[in-house]
Amino acid sequence: MVALIAAWAAAAPVQLDRVDLLSEAAPWLQQDAPRFGAAPGVTTARWLAQVTPVASIGAARVGVALGWQWAGVELPVVRERILWADAAVIARGLLPTGGRLGVAWRPGAVRLGLSVVAESAATWTRPTWRSWSVQPTLGLGLGRDRRPVAPWMTE
């Protein structure tokens with residue numbers, strides 16, 4: 001994975017793609033948001049920890065938040081470049097703990113993503129991948145797609 005991203009980095013410039021206000025790599029909406037009334041300070045801190053700046057390196061995407069990191073690929077599904085398919089490896093403290101498959105709708109400066117995340121309970125102190133959870137996640141990102149369009153993808 002690192003070699004693949006390094007190859008893309010050598011071939012394409014690195015740029016800020018977007019900022020995910022709701023990250024698809026995090027279950028914040030399902031697990032933390034419902035607790036806002038009981039613990040608003042903790043819920044707000046966890047939301048801030050999951051806000052993710054996302055860099056693009058060609059088709060590769062790398063997101064880094066306070067709580068985790070992810071690296072993946074995002075490719076257009078339709079010629080108009082508003083529907084995207086993506087896949088990513090999720091890590092906590094650079095330890096791979098899961099993966100994500102999804103689709104995203106990106107008509108302009110807003111990106112809405114819907115993914116399925118499979119994540120293990122592995123940590124550096126207990127690096128075991130026996131216990132897994134699978135859940136749907138919703139993502140909301142802001143940032144216009146600045147990648148050049150290939151000639152065959154234009155009208």
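A salt bridge here is a side-chain nitrogen of Lys or Arg within 4 Å of a carboxyl oxygen of Asp or Glu, and by that criterion this predicted model holds 15 salt bridges.

Begin by selecting Arg18 together with Asp17 and Asp20. Arg18 forms a salt bridge with Asp17, in which the closest N and O atoms are 2.8 Å apart, and Arg18 also forms a salt bridge with Asp20, where the closest N and O atoms lie 2.7 Å apart. If you then display the accessible surface, you can check that Asp20 and Arg18 are both buried, and that Asp17 is buried as well.

Next, select Glu74 and Arg111, whose side chains meet in a salt bridge with an N to O distance of 3.2 Å. This pair links distant parts of the chain, since Glu74 sits in strand S4 (residues 69–76) and Arg111 in strand S7 (residues 110–120), 37 residues apart. Is Glu74 buried or exposed? Glu74 has 1% relative accessibility and therefore counts as buried, the cut-off for buried being under 20% relative accessible area. Arg111 likewise counts as buried, because its relative accessibility is 0%.

Technical notes. Residues are numbered from 1 along each chain as its sequence is written. This is a predicted model: local features need pLDDT of at least 70, side-chain atom pairs count only at pLDDT 80 or more; totals for chains, interfaces and linings use all residues. Side-chain values use heavy atoms; hydrogens and water are left out. Buried means under 20% relative accessible area, exposed over 50%, partly exposed in between (1.4 Å probe, protein chains only). Helices (H or I, at least four residues) and strands (E, at least two) are DSSP runs, numbered from the N terminus.
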